[in-house]
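Please read the following report alongside the sequence and the three-dimensional view.

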Amino acid sequence: MTDQPEDRSEDHYFTADPSVPFTRAAVAAHVWGHDLELVSGSGVFARGRVDVGTSVLFRETEPPSAGRVLDLGCGYGVIGLAVAVAVPGAEVTAVDVNERAVLLAGENAAALGVADRFTALTPDAVAEGATYDEIWSNPPIRIGKAALHELLLTWLPRLAPGGRAVMVVGKNLGADSLQRWLGEQGWPTERLASAKGFRVLETRRG
């Protein structure tokens with residue numbers, strides 16, 4: 001999650017329980033040939049819109065193959081929900097520390113008819129041994145470098161052998177240095193695309 005918050009309702013979107021009053025806002029998205037009617041909310045990342053970074057991610061990629069997919073830092077769920085709608089064989093887990101985000105993502109899954117294959121959870125509710133074929137993420141860069149590194153080193157090891165992570169990160173928010181750092185940690189990372197000041201990165205597990 002990489003772009004600049006546009007109002008104070010997003011100041012603490014990466015906290016468990018934002019203090020701003022909870023109001024919902026509709027979002028319409030067209031992703032990978034599918035129209036998604038979603039609901040976002042105050043205190044949750046990208047209220048009322050699909051942010052630029054996530055739009056770049058969608059535009060520069062094809063949907064993943066069927067399998068177990070993790071939407072890391074899911075917000076109201078747009079990435080994971082787009083996967084669930086576009087890939088009938090995908091089983092999606094969406095994770096966010098923000099309890100409002102988890103609530104909205106679950107509501108959106110039910111509205112889209114994919115709740116049987118889409119589960120939104122807080123991190124502590126994810127089964128300890130759960131693994132994933134792919135991780136898709138617009139990671140919360142603004143939590144700070146140390147916290148971001150800890151987040152990635154917590155979840156990347158959950159990739160199954162041969163699995164991959166696809167992430168979008170702003171160039172001015174350290175995408176290139178993050179790519180190098182991931183490689184230094186034993187997670188080879190390539191740039192899939194660059195657009196509108198964002199990098200789409202692919203990290204693979206050997």
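## A buried threonine and its surroundings

In this predicted model, T61 has a relative accessibility of 10%, and because the cut-off for a buried residue is under 20%, T61 counts as buried. The residue lies in the loop between α1 and β3, and its side chain reaches the backbone oxygen of L57 at 2.7 Å. When neighbours within four places in sequence are left aside, T61 is in contact with W32, W136, V166 and V200. Two of these partners, W32 and W136, also belong to a cluster of aromatic rings, which is taken up next.

## The aromatic cluster

How many aromatic pairs are there? The count comes to two. In one of them, the ring centres of W32 and F58 are 5.3 Å apart and the ring planes stand at 75 degrees, so this pair is edge-to-face. The pair links distant parts of the chain, with W32 in the loop between β1 (24–31) and β2 (34–41) and F58 in helix α1, 26 residues apart. Both residues are buried, W32 with a relative accessible area of 17% and F58 at 8% relative accessibility.

W32 also forms an edge-to-face pair with W136, at 5.7 Å from centre to centre and with 85 degrees between the planes. Since W32 lies in the loop between β1 and β2 while W136 lies in strand β6, this pair ties together parts that are 104 residues apart in sequence. W136 has a relative accessibility of 1% and therefore counts as buried. Through these ring pairs, W32, F58 and W136 are linked into a cluster.

The hairpin has two residues between its strands, and in it W32 takes a positive phi near 50 degrees.

## The seven-stranded sheet

An open sheet of seven strands runs in the order β5-β4-β3-β6-β7-β9-β8, and its pairing is mixed. The edge strands are β5 (118–121) and β8 (189–195), each of which pairs on one side only. On average, and with direction ignored, neighbouring strands of this sheet are turned by 15 degrees against each other. Strands of a sheet pair through backbone hydrogen bonds, either parallel or antiparallel.

At one end of the strand order, β8 pairs with β9 (residues 198–204) in the antiparallel sense over six bridges. Within β9, L201 is the bridge partner of R191.

## Helices against the sheet

Helix α1 (residues 52–59) lies across β6, β7, β8 and β9, and runs at about 60 degrees to β9. Helix α2 (residues 78–86) lies across β3, β4, β5 and β6, and runs at about 170 degrees to β4.

Which residues of helix α4 (residues 145–155) are buried? They are L148, H149, L152 and W155. Seen down the axis of α4, the buried residues fall within an arc of 145 degrees, so they line one face of the helix. The face turned away from this buried side carries the exposed residues A146 and E150. The buried residues of α4 pack against the strands β3 (67–72), β4 (90–95), β6 (132–137) and β7 (159–170), and also against helix α5 (175–184).

## A partly exposed loop residue

In contrast to T61, which is buried at 10% relative accessibility, A115 is partly exposed, with a relative accessible area of 43%. A115 is found in the loop between α3 (99–112) and β5. Not counting residues up to four places away in sequence, A115 touches A109 and A110. A115 and G174 are 59 residues apart in sequence, and their C-alpha atoms are 35 Å apart in space.

Definitions and conventions: Residues numbered from 1 in each chain as written. Predicted model: local features only at pLDDT ≥ 70, side-chain atom pairs only at ≥ 80, totals over all residues. Heavy atoms only, no water. Buried < 20%, exposed > 50% of the residue type's maximum accessible area, 1.4 Å probe, protein only. Helix = DSSP H or I, 4+ residues; strand = E, 2+ residues; numbered from the N terminus. Arc of directions from axis to C-beta. Contact = heavy atoms within 4.5 Å. Pairing = 2+ DSSP bridges. Axes fitted to C-alpha atoms, helices over the stretch in contact; angles between N-to-C directions. Phe/Tyr/Trp six-rings, centres within 6.5 Å; stacked < 30°, edge-to-face > 60°. Polar contact = N/O pair within 3.5 Å; in protein donor to acceptor, adjacent residues only side chain to side chain.
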